[in-house]
Structures are given as C-alpha cells and as structure tokens.
Amino acid sequence: MSELAHGTGSHLPAAEVPEMELPHPHGWWSTYVFSQDAKVIGIQYSFTALAIGSVALVLSWLMRLQLGFPGTFSFIDPQAYLQFITMHGMIMVVYLLTALFLGGFGNYLIPLMLGARDMVFPFVNMLSYWVYLLAVLVLVASFFVPGGPTGAGWTLYPPQAILSGTPGREWGIVLMLLSLCLFIVGFTMGGLNYVVTVLQARTRGMTLMRMPLTIWGIFTATVMALLAFPALFVGAVMMLLDRLLGTSFFMPTLVEMGQQLRYGGGSPILFQHLFWFFGHPEVYIVALPAFGIVSDLISTHARRNIFGYRMMVWAIVVIGALSFVVWAHHMYVSGMNPWFGFFFATTTLIIAIPTAIKVYNWLLTLWRGNIHLNTPMLFALGFIVTFVNGGLTGLFLGNVVVDVPLSDTMFVVAHFHMVMGVAPVMVIFGGIYHWYPKVTGRMLGETMGRIHFWITFLGAYAIFFPMHYLGLLGMPRRYHEIGETSFVPESAHDLNAFISVMALVVGAAQILFLFNLFWSLRRGREAGPNPWRATTLEWQTPETPPGHGNWGRELPVVYRWAYDYAVPGAADDFVPQNQKLPPPLHVARGEATA
Amino acid sequence: MTAALIFVLVAVGSVVFHLLSPWWWTPIASNWDYIDATITITFWITGIVFVAVVLFMAYCVFRFRARAGRRAAFEPENKRLEVWLTVATALGVAAMLAPGLFVWSRFISVPADATEVEIVGQQWRWSYRLPGADGRLGAVETRLINPENPLGLVRDDAAGQDDIIIEAENLHLPIGRPVKVLLRSIDVLHNFYVPEFRAKMDMIPGSVTYFWFTPTRTGTFEVLCAELCGAGHAVMRGRVVVQTEAEHHAWLQGQRSFAQLAERR
C-alpha cells in the first residue's frame, strides 16, 4: 500500500511554466464576461445552471400544488401540468445537474486539483459556455411561444411528442429538440477539454492514481457523456425531421383522431433505444461526479484517508463501462423483445456490486475517523442516506419482473428522485459549501447552512419515501389528478397533500441557501487559503481566490496521493499533496528501504 | 450527537412507516402472486441493508465525532474486508435476481391453451376484439381504419367475420382461464394497466405486443393508461369485468360480430 500513498517523486524538480502561454484578459469584458479562465467559466456555468434550476424548482411547486390540491388552481389544466413536468424533468437532468457537475465543478476544479494553469483549450472552453447559455435561452423561449413548451414528458416519446394530442406540438417540441442539440454541441466542446486536460496537463508527480476521486468521477463521467450524448443528438435530429419535414423515422402508419396521417414505416421503439442509450449513462454522468466529490468531502471532514482508494477508482470505471449495457431496463414494458429482459436485468443488478462497494468504503472512511460535522459533511451524510435508499429501490425496478407492476407508477418517480434528484443535489450543496471559501475567500454562513441542510434533507426524505407506497398501491405517474379511482383510498389524497406541503417547505429552504450565497459574499467569515485543512492542490494556491494561471511562477509538484490525513509520524493531521515532508511511511516506521 | 440520533430516527421511522402504511398493493386478482413474492423478498433484503447502512453511519457519527486530541486511524486499504463485502453483496444480489429471472421466464411463456383477446388503444379510449367461434382473430391493418371500420379489419378475411367487436364498453373475461392479451395502438403509445392483475405492457402503433395472465377473482376492475399519451392520459379509463363461465357466456351472446356490424351499416 505504501507505494500508492507515498510513491517516488521526491526527486522531481519544480516545473517552471512561462506565463505568456495564457490568453490574459485585457479589461472588464474579457475578465468577467468573455473570459477564457476556466474558473470564471465554471462560475458562469454554475450560475446559469442554478438560475435555470430555480425555474425547475418553481415548476415542481406548481405541479405539487396541482397534485396535492387538484382542482383548486384554475390555471393548471392537464396541458399545463404536462408542460410543467416535462420542463421540470429536462431542466433538472440536463440543464442543471449535467451542466453544474461537469461545466461548473469540472471547470473550476480540474485545473486546480491537477496543478494545471488552465484547461488546454481555453477558447473552446469559453465557447462551450456561450453555446450552453444559448441552449438555455432557446429552452426558456419555449415558455413564450404560441402553444407553450412541449408536454411530451422529459422522455419525449414519439409519436405522441409530435402529434396534436400533446401540448406544445407546434413550437415547444421544436425548440426543445433544438435546445438539446445546442446543449450537446456546447457540452462536446467543454467535454473534450476536460478529458484532454486530465490526460495531458497534470502537473509533475500527479499520476492518474494520485488524482483526487473528484477528478476521477468528473473525468469518467465526461468520457461517458461524450459517448452517450451523440445517441440523443441523432434521436433529436431525426425527430426534428419527422416533425418538420414529414419523414417517418419514428412514425408508423397511424390514425390520429379519426384522420389517416401521411406517416408510415417508422419505429417508435427505435427512439426509445436511442434515448435510453443516452439516458441511462446520463444517470451515471450525474452520479459519478457526485460519487467523486462526496468521497473527498467525507475524507476531508472525517480527517481520514479515503478507504480503499484503488477499489474506488476501479468502481467508478467499472460502473461507467457497465452503464452502457443496461439501458433497456427502462424499457421492460415497452413491448421490446421480452428475451432482452434476462440480459438487461442481469447487467443492471451486477452494477449494484461496484456501487455497493463505494457505499461501504464511504462508511469505512467514517469509521475510526475524526468526524467534523461541518455543513459539507452533513450534506455528504444526507447523500449516503438518500443514495442508498434510492439505489436499493433500483433493485426492485431493475429486476425485470418486479418492474412490471411498478413501472410507470409513482414508485418510479420516488425512486429516481431519491437516487438522481435528491442525492446528487445533496452533493452539489455539499460541494458548494466546501469550495465556496476558495471561490470567494469567505465562508458560507454556517448556521444558515445547517438549517438549510436539515430542512432539505428531512423534507426531501418525507416527500419521496412515502411516495413509493403510492406507487405500490398502483397510482400511475404523469396524471394531473387521479380522480375517482376504485382502488385509491381517501387517505392517498391526504398523503398527496402532505407531500405537496413538504415540497413547498423544502423549496422555501432553498431561498435561504440563495440568500446565504449572496450574504456571505460580503459578510462571510474570512476563509484564508485552506479553511478545511485539506490536502488537495486547490487549497495550496498562492492566492485565494486563485488568480489567472492559478499558481504564480512555479507549478506545484505532487509527492503523494490526495488522502494523507492523520498520517502516523506527521505533526499535522493532514499532509498536502505538494508537501515533500514528512518522509514516506516506511521511513517513518523505521523499515528498511527496498 | 443530535445528528446521529436524527439519522437513527430516519432508519427506524422508515421501518415503522413501512409496517404501518395503509398504502399497499391492491388485493391480487391474477395468477401473478409470484411477482408479489419476489417483491417481498426484495423488500426484506433491501430493507435489512438500508437499516444496517444508516445505523452503522449513525454509529460512526456518534462514536467518532471530532474531539480534542483525537486522531483518525490511517488505514488505506483492507483487502480481506473488501473482498468479503463484495462477495456478500454478490450473494444478496443473486438472491433477488434468481427468483426474478425465474418468474420472468414464466411471464413470457404463454400457455398453449390461452384465449387470445385483442385490446386496442387510441386517444383516449379502449376497444376490444374477441375471436368468434373459430377461435382466431382476423387480420387488421391500420390503413383500413375509418368510421365504418374503427379497428381496421380486413374486410374479406374469413377469420375476421365472426370476431366480436366491443367499443365504448367493458371487457368481460371468464375466471380461471388463461388469456393472452394482444395489444395494439392506432395512434400513440398507451399501456393497458389493471393494478390488480399486476401485468402490464405498452401498446405501440405499428406492432402488436402481448402479455398473459389468468384472472383468479371475479369482480369489476378499473383500467388505466400507464404510458403518457397526451392531454387525455389521466382520463383514459375502462373496466374489466371478471365473471363465472356461465355469466360470461350469457354476456357473449349479447355481443355483435364484425359481419353483423357491417350489415347494419
């Protein structure tokens, strides 16, 4: 083990990199707006994602008002309800979670954590953000066009998505598909940057197996996204052609409201395969950065090395690879060849094994640690609870025959919100509380943070845990109201009302968080360069917040892995990655050098 | 301390909620109690894991909370423990997957004596077609659908003449006889869903999908659409009436065949 934690590297000279390689800004516009500095781009991504995410949050209130108190709000008709759920889902999955983890955290942290000056292609990186912003604006525009945004559900299944029984058929679906295409173009520019930077721009001594798990998570997720998003791109382009030019990629012969349409010969189920070939890896594109970040949060705040680092890295890579062969578990009741069920159920349940290993290793990192319950740590613990809960219900839905009664019910809604809604959002909050001091030089208000955590965690759990049981009962999803239904008891309506009230409470707590973000900018406690006493490179910058180029004249040199907490023989309870001393473990132990 | 206690309460509270919940699956009305059994096994395994994980986490938060002078243990890896945990997890997964796949193989093997019944979905209602005396359903084509021929039967197919067409009415099924449900849509995706039967499957325009089940309980059961099909999705309802053989026979006498309907028009 010691060769991993304390490999050779003590002989490495400091790397001097000439300053003029970087495109330095010349004035306000190129410093804060059209900046090529990955840190600024990361902040731009984060703000845009949080802004559009707030829209999704408001949409979730509206849909919960309708579900909890059906018929009370006259402006929410069935069409509007479908538009709310569609836009909420798409915004959260793609425009918030993907953009924030990869574009936000990725941009800010990759160069800093690897000891690089910037991304390798700063101009393309800047372009990536502006195309993303354009995608967001096109998406927002669909709220203001005739007919409003599409209400096809975030899965956009044809033929329904482009037929007139679905709201937003005129403009909404076209703008949605265009926006997705733009997003993918923008992401590809950023994604290539992240991958090449990780592979090519690491500082001396930063071997792949010394990278913090945050970087492993973001890197693997980016590779996956580069492979998965093209499937969605192709699907979106084909559906645009079906909608605008009358082609029939996804459209069989059909009769709509008594009228024979001029489509014929296409396959609706082809779209589902393309969508989920993207859609399932997408779950892990969101989850892997969360896995990585939460590992670092737990290790830092428990003052203990991450347990089983090599296993953690391999688990990330294996999960990433396996996630490409499980997509059709979203389609068990789609009418595809039923024999697929055996294959996809098996691969899906196998993924549980590396995922479980990660959970064990987080727990074993806490065990015999020295746990500081700072706000980032609280969110990390909240992540473990919600992720384990949501992951375990995945074992119901992944096990083909169990999925049959549960699919398309509220059980599914509860499952994926717990596992890829609440859990990753917990990590996003934890990550923001953790790195805000580096970004701004000030700490986020700790009391506000705790209040924010407990309301968000307990509230979200109270929303989504009981929701599973509505699904068991048989309540279908995507219904604007269940109405009089023979098998639904009166108490289920009460539970729905309770869930809606909790949703409003959790939503209100997010306003506190936004307030904290702005309040602490001026009033927060001065952070200093390394308030959490962390080992990774971003905390070792000469300036806080780091300047353009990150490192001043000399790049840091890395001598050790990212998890030297409580090393025996070291005076402090942490040893930064770029610190040469104390001596390697075997010397400290008095063992002979091999 | 408080935090650890709250996490314990979350774990215990979840179990208590599960045990006391008035919201549970509907009384079953088909042969698929295998599925319910697999769900029960899965609940046990996942429930134990969930409670164990959260309680262990809470224990760590309490036992290893930061105190002056405490230092964490430095232990990067523990091969034996990691292997042991991996094997235990694999066994747990296998214990859920094996019954799951076994039941799935039943689910996709339709008994030879199953009666075929066609269900047609369209925005936003259900229609049904039963084979007549010949026991066979006639050919259909979506292109042939018009107000006179709403299900698109091929007019000169002999097998279709005695097919019984049921529109805007309940489907009736005899108890105790396996049914192979053939699912067809003429516009968008739908999904024929009766919670009490447990089985469900999407309907896809351009293809015919299927599932099978045996009704085991008489009564009237509500049909819902379980695949988003547009603005009327939530109101796309119907009813299935499961009756004794004799009752079903009597009902059948009152229904009209394709040929009879064509004559009237």
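Residues count from 1 along each chain as its sequence is written, with chains lettered from A and ligands numbered from 1 in the order in which they are written. Because the model is predicted, local features need pLDDT of at least 70 and side-chain atom pairs count only at pLDDT 80 or more, while totals for chains, interfaces and linings use all residues.

**Stop 1: chain B, whole**

Select chain B and zoom out. Its C-alpha atoms fill a box of roughly 95 × 40 × 35 Å along the principal axes. You'll find five helices and 10 strands here (DSSP runs, H or I of at least four residues for helices and E of at least two for strands, numbered from the N terminus). Chain B is more spread out than a compact globule, because its radius of gyration is 26 Å, well over the 18 Å that the globule rule gives for 265 residues (taken over C-alpha atoms; the rule is 2.2 Å times the number of residues to the power 0.38).

Of the 265 residues, 38% count as buried (20 or more other C-beta atoms within 10 Å of the residue's own, with C-beta atoms placed from the backbone).

**Stop 2: the two domains**

Now colour chain B by domain: 2-64 + 76-107 is domain 1, and 115-264 is domain 2 (bounds from an automatic or database domain assignment). Their centres, over C-alpha atoms, are 39 Å apart. Where they meet, eight residues of domain 1 are in contact with 13 residues of domain 2 (C-beta atoms, placed from the backbone, within 7 Å). The domain 1 side of that contact has five nonpolar, three polar and no charged residues (Ala, Val, Leu, Ile, Met, Phe, Trp, Tyr, Cys and Pro are nonpolar; Asp, Glu, Lys and Arg charged; the others, Gly among them, polar).

**Stop 3: where chain A comes in**

Bring chain A back on screen. The contact takes 98 residues from chain A and 81 residues from chain B. Helix α10 (340-366) of chain A gives the largest share of chain A's side, 13 residues. That side divides into 64 nonpolar, 25 polar and nine charged residues.

**Stop 4: a five-stranded sheet**

Back to chain B, for an open sheet with mixed pairing and the order β4-β10-β9-β6-β7 (strands pair if DSSP finds at least two bridges between them). Select 171-174 and 200-203: these are β4 and β7 of chain B, edge strands with a single partner each, so one side of each is left without a neighbour in the sheet. The twist averages 25 degrees from one strand to the next.

B:Pro174 has B:Gln243 as its bridge partner.

**Stop 5: strand β6**

Select 190-193 of chain B. Which residues cover the two faces of β6? B:His190 and B:Phe192 lie on one side, B:Asn191 and B:Tyr193 on the other, all buried. In a regular strand, side chains alternate between the two faces of the sheet.

β6(B) and β7(B) run antiparallel, joined by four bridges, and B:Tyr193 stands opposite B:Lys200. Follow the six residues between these strands to B:Arg198, with a positive phi near 70 degrees. β6(B) also pairs antiparallel with β9 (219-225) of chain B over two bridges, where B:Tyr193 has B:Leu224 as its bridge partner.

Notes
Two residues are in contact if their C-beta atoms, placed from the backbone, lie within 7 Å. A residue is buried if 20 or more other C-beta atoms lie within 10 Å of its own, exposed if 12 or fewer, and partly exposed in between; C-beta atoms are placed from the backbone. Axes are lines fitted to C-alpha atoms, for helices over the stretch in contact, and angles run from 0 to 180 degrees between N-to-C directions.
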